[in-house]
Amino acid sequence: MVAEDQAHNECTRDVVALGELLIDFTPHGVSDQGQLLFERNPGGAPANVLAALAKLQCRTSFIGAVGEDSFGYYLKDVLTLSKIGTEGLVFTKEAGTTLAFVHLAADGDRSFSFYRQPGADYMLREEDVNLELIRSASIFHYGSISMTHEPSRTATLSAAAYAKSRGLLISYDPNLRLSLWENEQTAKDRMTEGLEYADVVKLSEEELLFLTGTSELELGTKQLTEQYPSIGLLLVTLGPGGSYCRAGNITASHGGFCVEVQDTTGAGDAFFAGILFTLLGKLGHAQKEWTMQELRSMLAFANAMGALATTGKGAIPSMPTIQEVRTLAGADIAD
Ligand code: ADP
């Protein structure tokens, strides 16, 4: 117990995240020759979460793999410029940096083509994972995209198990991207496997439906938290409608903030960062029951993060500052 307390006091990083880091090529107009142009953007949910936390002045570090190519070096620079630690970033020779092209349909709907057969992001091996980095953190965050293929699937699950054994708070984002999985059942099985270690989980309504068979918030969240009692906090994001959460038998919701939306990429990651930021402020306090008001206040903060992230183009460049969040959320975040 004494050793555990010491470990907590010695935390030099707030949040360490493990997962995919890739390039998103997003449509960017047409050339003089009439050809579609694509803009090179950094992508990957765990890195977006860290970028949002770093913008809130948290100490963060990333664990993952990129290719030994110009895209990989660019992504390392992006992390550095975002003030995210790169000690855990691995350059692999086994595959090129993963690329995703975003296609915009006439009705504004997005679809993705992934160049990931293979992709460096899932070449992270169990032995590549910097355990010292995990030991130095208060929260370990991961998602399901790094569990689609080996070797990163084993690397992700073993890192989560290690973080849990060291007493870190474990945060999990089971991202549903069916095109990346062999089939629907494998997606469901693996996404569910990730729930085993998690203390905090964030889902969209679609992911709640996929994992529980119901999009009814009360019912679905109750089902999941009863099945996985270690999930102390289960969040569901509702786009412009805001969010909902359950902590044991206490539930709360908070409406979304009205903003001028430019690009919703990264809204969910900003939202999750807002939740982790709030939790960081409560770590070290004796575990206690949440009140509905505390949950609502946390949702308000996270909703403001998500809303502000939609007001600019791209995920990382539009992560808000703490002042912007406080201004938008106002009295709703006063405890
Ligand atoms: P994801 O990006 O994972 O699909 P959502 O679209 O639900 O997640 O967005 C996450 C959060 O960001 C929402 O819970 C909400 O608080 C905020 N948000 C998203 N879209 C909007 C919007 N159009 N207007 C205001 N807030 C939004």
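Good morning, colleagues. The structure is a predicted model, in which local features need pLDDT of at least 70 and side-chain atom pairs count only at pLDDT 80 or more, while totals for chains, interfaces and linings use all residues. Residues are numbered from 1 along each chain as its sequence is written, and side-chain values use heavy atoms, with hydrogens and water left out.

Let me begin with the whole chain. The protein contains eleven helices and 13 strands; these are DSSP runs numbered from the N terminus, helices being H or I with at least four residues and strands being E with at least two. Its C-alpha trace spans about 60 × 45 × 40 Å along the principal axes. For 335 residues, a compact globule would have a radius of gyration near 20 Å, and the 19 Å of this protein agrees with that. That radius is taken over C-alpha atoms, and the globule rule is 2.2 Å times the number of residues to the power 0.38.

Of the 335 residues, 56% count as buried. Here buried means under 20% relative accessible area, exposed means over 50%, and partly exposed lies in between, with a 1.4 Å probe and protein chains only. The protein exposes about 15,000 Å², and carbon and sulfur atoms supply 51% of that area. Accessible areas come from the Shrake-Rupley method with a 1.4 Å probe; for residues, only the protein chains shown count as cover.

Contacts, defined as heavy atoms within 4.5 Å, come next. Among contacts with a separation of 6 or more, 71% are between residues 24 or more positions apart. As for charge, the mean positions of the 25 positive and 42 negative charges are 4 Å apart. Lys and Arg count as positive and Asp and Glu as negative, without His or the chain ends; each charge is placed at NZ of Lys, CZ of Arg, CG of Asp or CD of Glu.

Which residues have the most contacts inside the largest nonpolar core? They are Leu-233, Leu-235 and Ile-275, in a core of 59 residues. Helix H10, residues 292–309, gives the most to this core, with eleven residues. A second, separate core has 40 residues, including Val-16, Leu-18, Val-129 and Ala-159. By nonpolar core I mean a set of buried Ala, Val, Leu, Ile, Met, Phe, Trp, Tyr and Cys residues joined through side-chain atoms within 4.5 Å. Beyond residues up to four places away in sequence, Leu-233 touches several others, among them Val-201, Cys-245, Ile-275, Trp-290 and Met-298.

Next, the backbone. Where are the cis peptide bonds that I wish to show? One joins Gln-117 and Pro-118, with omega about 5 degrees, and Pro-118 lies in the loop between strand E7 (110–115) and helix H4 (131–135). Another runs from Glu-150 to Pro-151, with omega near 5 degrees; Pro-151 is placed in the loop between strand E8 (137–143) and helix H5 (152–165).

The loop between E8 and H5 also holds Ile-145, which counts as buried because its relative accessibility is 7%. Leaving aside neighbours within four places in sequence, Ile-145 is in contact with Glu-20, Arg-116, Asn-175, Arg-177 and Leu-180. The C-alpha atoms of Ile-145 and Asn-175 are separated by 6.6 Å, although these residues are 30 apart along the chain.

Positive phi values deserve a mention. Gln-57, a residue other than glycine, has phi near 75 degrees and sits in the loop between helix H2 (45–55) and strand E4 (60–67). Gln-57 counts as exposed because its relative accessibility is 68%. For Lys-83, phi is near 65 degrees, and this residue is in the loop between helix H3 (70–81) and strand E5 (84–92). Is Lys-83 buried or exposed? At 66% relative accessibility, Lys-83 counts as exposed.

Finally, some helical residues. Arg-296 belongs to helix H10 and is partly exposed, at 31% relative accessible area. Apart from neighbours within four places in sequence, Arg-296 is in contact with Ala-252, Ser-253 and His-254. Helix H8, residues 217–227, contains Glu-226, which is exposed at 54% relative accessible area. Leu-219 is also placed in H8 and is partly exposed, with a relative accessible area of 47%. From C-alpha to C-alpha, Glu-226 lies 8.6 Å from Gly-248, and Leu-219 lies 32 Å from Tyr-162.

Thank you for your attention.
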